[in-house]
Amino acid sequence: MNSTVIEVQNLVKYFPVRTGVIVGRTIGNVKAVDDISFGVSQGETFALVGESGCGKTTVANLILKLLDPTSGDVLFQGKSLNKASGAEIRQYRRSVQAVLQDPYGALNPRMRVGHIISEPLEVHGYSRSDRKRLVQDALRAVGLPETSETQFPHEFSGGQRQRIGVARALTLEPALIILDEPVSNLDVSIRSQVLNLLKDLQEQRGISFILISHDLASVEHMSHRIGVMYLGKLVELGDAQQICDDPAHPYAASLVAASTPPNRTPPWQIPIIGEVPSAMDTPSGCPFHPRCVYAMPTCKEVTPSLTQLPDGRMVACHLYPDHIGSIDKHAELPAARLFEQETEDGGTEAAL
Amino acid sequence: MAGYQHNDAGTLLEVRDLKTHFMTRRGLVRAVNGVNFELERGETLGLVGESGSGKTITCLSILRLLPRGGQIVGGEILFDGQDILKTSEREMGLLRGKRVGMILQNSMAALDPVFSIGTQIAEPLVVHQGLSWKRAMAGTIELLRMVKINDPEVRIRNYPHELSGGMRQRSSSAASIGPHPDLLIADEPTTALDVTTQRQYLDLLKDLQKATGMAIIFITHDISIVGNLCDKLAVFYGGIVVEYGPKDQVLNNPSHPYTKALLQALPVLGEKRDRLQTIPGEPPHAGNLPPACPFHPRCEQAMDTCKEGDAPPAFYLGNSHQARCWLLEKDYEQYSH
């Protein structure tokens, strides 16, 4: 059994919304992250999946300690970050690195690549000769020529820049790297190069990854476990293959259905209604109920909590355990229920 | 190469050997370098390719809306039998918006923030169909209902910032289809949308096509989403169409090494692959295209012929399927029109 590298415990982050120019008055909270718990083992890739605004990047920022949680804690190798001393936080920051989405914005255009990669080493007090050696190692590890050191970021293409970002994250030999949409800004023919590189590095060095993405196909390819987020909450948590082959939560199912190529039948044919509501006024009860075709009266009132299914994964949905058996996952649901629940005109082609 | 049946009554658009170049301070950029395709009425053609492969410039050439420095230097564009390149600017104004609609990638940029969406959807109806504003507003409500926006009577007074991303994209589609165009050009309309919204939008586009009978050119970099929507695919690389044909032929029987590699390189949900195939190198910049076949520096099967002379000709693979690759020379006939 691998040891747990990082454990997130009941993490909550609210952003207050204020009005007024001089005397601020809090009129509400954006519940960006609302009671989230998960753990990541050594050498494992854990993916946080969800649509924009669901809070996945906020979770990443909380783990990176770029934000402080409203409540809850992050344990790194068993030690609480909330109680950590300055020196311990410094040590922690070496062990957890990030690769960001936009390879153009993440690299300082005025710094040479060698300097960009060695800056973390400089911060942590490495000598000049060590830095030189480690930069060369990192460049080699990501498949860039050693001469890149003296070049500037603009001389590289998107895929190469993302490699520079990975090289920078590697130099301090972190235990965990957070990958925030690492390939979504890259050209299609380049993506597989970067994904393969990340997988190889993980195998060679036993690094853990937290992969943040909305692209389920690359998540299935990369990860061991998946957490599906919706409006700040985890709605399903479990083995990656299990969730992709047979999603349990209706929202996870609709993500899988939306990402299934047209020539295949999704494991659960589920129509999707409407769009993600604003995180400022999250729906009562289950946050997904306004978009869920299976919503029941209790879903509007009671927030379901994550409970374990017999197959081991965790799901937050009132369909379990009593109602799921009566659902036909391949039924054709009427088109009138698509898009907007309260549509009166019945058909999809009624207008013309 | 483009026409299988010339001037057929069903043909709406023919693009023949189109070349669009840009004069820049750094030299000549050959953005579109000999593109051929055609489109029947009511048909959907997917233009698939990476950034800089020439798919957007091809479509802007059809509308003659090229950015500064761009010039169509060769070829023909026939829209409903009319030669676009010989049409006066005044007639082009009548064509754009009315007979050819366009949907852009970023709906926030496509809609004007200071006008209500009702005004913006009604405007083309007033301009192109000569309706009064009052009647155009009534038409707008119908259009919004068609793109499945709730309470259209209320929504017409909303401003773009008050709508969600998916609703904005649907409203700008409503504005484009208002004047009943024969052709709708959709340039990456789903890229800015969330996954679940994306699928809804593609379904909507299909419904709209069924209802109006318009032809669609759908530009995308994501070959995995075109399957459901498109009848035909044109795969772009380095300013040319490297493979062209019916969707099923191209997806199930890819014949150009680039198409093959692209389909292998992408992770597909439900198909566990241990390791993704990679395409070495990077897509070329249009200002610095490799000579001859633009794909040869990245192609594992490149031969000497691939590196010399002009880009390879199209070889006819049967069933309206063709690809521009010398590897096909020994088994297939060169395609000519």
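A crossing of two helices is called left-handed if the near helix is turned anticlockwise from the far one by less than a right angle, and right-handed if clockwise. The model discussed here is predicted.

**Helix pairs in chain B**

Two packed helices are described by the angle between their axes and the distance between the axes. Helix H4 (residues 117–129) of chain B and H5(B) have axes that come within 8 Å and cross at roughly 115°. The crossing of H4(B) and H5(B) is right-handed. On the H4(B) side the contact is made by Gly118(B), Ile121(B), Ala122(B), Leu125(B) and Val126(B), and on the H5(B) side by Trp133(B), Ala136(B), Met137(B), Gly139(B), Thr140(B) and Leu143(B). By class, the contact of H4(B) with H5(B) has eight nonpolar and three polar residues, with no charged residues.

A second pair is formed by helix H7 (residues 165–177) of chain B and helix H8 (residues 195–212) of chain B, which pack at an angle of about 20° with their axes 11 Å apart. H7(B) and H8(B) are therefore roughly parallel to each other. H7(B) also passes H8(B) in a right-handed crossing. H7(B) contributes Gly165(B), Gly166(B), Gln169(B), Arg170(B) and Ile177(B) to this contact, while H8(B) contributes Thr197(B), Gln200(B), Tyr201(B), Leu204(B), Leu208(B) and Thr212(B). The residues in the contact of H7(B) with H8(B) are four nonpolar, six polar and one charged.

**Domains**

The domain assignment of chain B gives domain 1 (1–99 + 181–268 + 276–310 + 317–337) and domain 2 (105–180). Chain A is divided into domain 1 (4–228) and domain 2 (249–337).

| Domain pair | Distance between C-alpha centres |
|---|---|
| Domain 1 and domain 2 of chain B | 29 Å |
| Domain 1 and domain 2 of chain A | 30 Å |

In chain B, 16 residues of domain 1 are in contact with 16 residues of domain 2. On the side of domain 1 of chain B that touches domain 2 of chain B, strand S7 (183–187) and H8 of chain B each supply at least two residues. H8(B) gives the most to this side, with six residues. The residues of this side of domain 1 of chain B divide into eight nonpolar, five polar and three charged.

In chain A, 11 residues of domain 1 are in contact with 10 residues of domain 2. Strand S2 (25–41) and H7 of chain A are the elements that give two or more residues to the side of domain 1 of chain A that touches domain 2 of chain A. The largest share of this side, four residues, comes from S2(A). By class, this side of domain 1 of chain A has seven nonpolar, two polar and two charged residues.

Among the buried residues of H9(A) are Pro250(A), Tyr251(A), Leu255(A) and Val256(A).

**Two single residues**

Ser224(B) lies in the loop between strand S8 (215–220) and strand S9 (232–237) of chain B. With 20 C-beta neighbours inside 10 Å, Ser224(B) counts as buried. Not counting residues up to four places away in sequence, Ser224(B) touches Pro261(A), Leu266(B) and Val268(B). Ser224(B) and Leu251(B) are 27 residues apart in sequence, and 9.5 Å separate their C-alpha atoms.

Tyr104(A) is found in the loop between strand S6 (96–99) and helix H3 (113–123) of chain A. Tyr104(A) is partly exposed, with 13 other C-beta atoms within 10 Å. The C-alpha atoms of Tyr104(A) and Glu88(A) are separated by 32 Å, and the two residues are 16 residues apart along the chain.

Conventions: Residues are numbered from 1 along each chain as its sequence is written. Chains are lettered from A and ligands numbered from 1 in the order in which they are written. This is a predicted model: local features need pLDDT of at least 70, side-chain atom pairs count only at pLDDT 80 or more; totals for chains, interfaces and linings use all residues. Axes are lines fitted to C-alpha atoms, for helices over the stretch in contact, and angles run from 0 to 180 degrees between N-to-C directions. Angles under 35 degrees count as roughly parallel, over 145 as roughly antiparallel, 65 to 115 as roughly perpendicular and the rest as oblique. Two residues are in contact if their C-beta atoms, placed from the backbone, lie within 7 Å. Ala, Val, Leu, Ile, Met, Phe, Trp, Tyr, Cys and Pro count as nonpolar, Asp, Glu, Lys and Arg as charged, and the others, Gly among them, as polar. Domain bounds come from an automatic or database domain assignment. A residue is buried if 20 or more other C-beta atoms lie within 10 Å of its own, exposed if 12 or fewer, and partly exposed in between; C-beta atoms are placed from the backbone.
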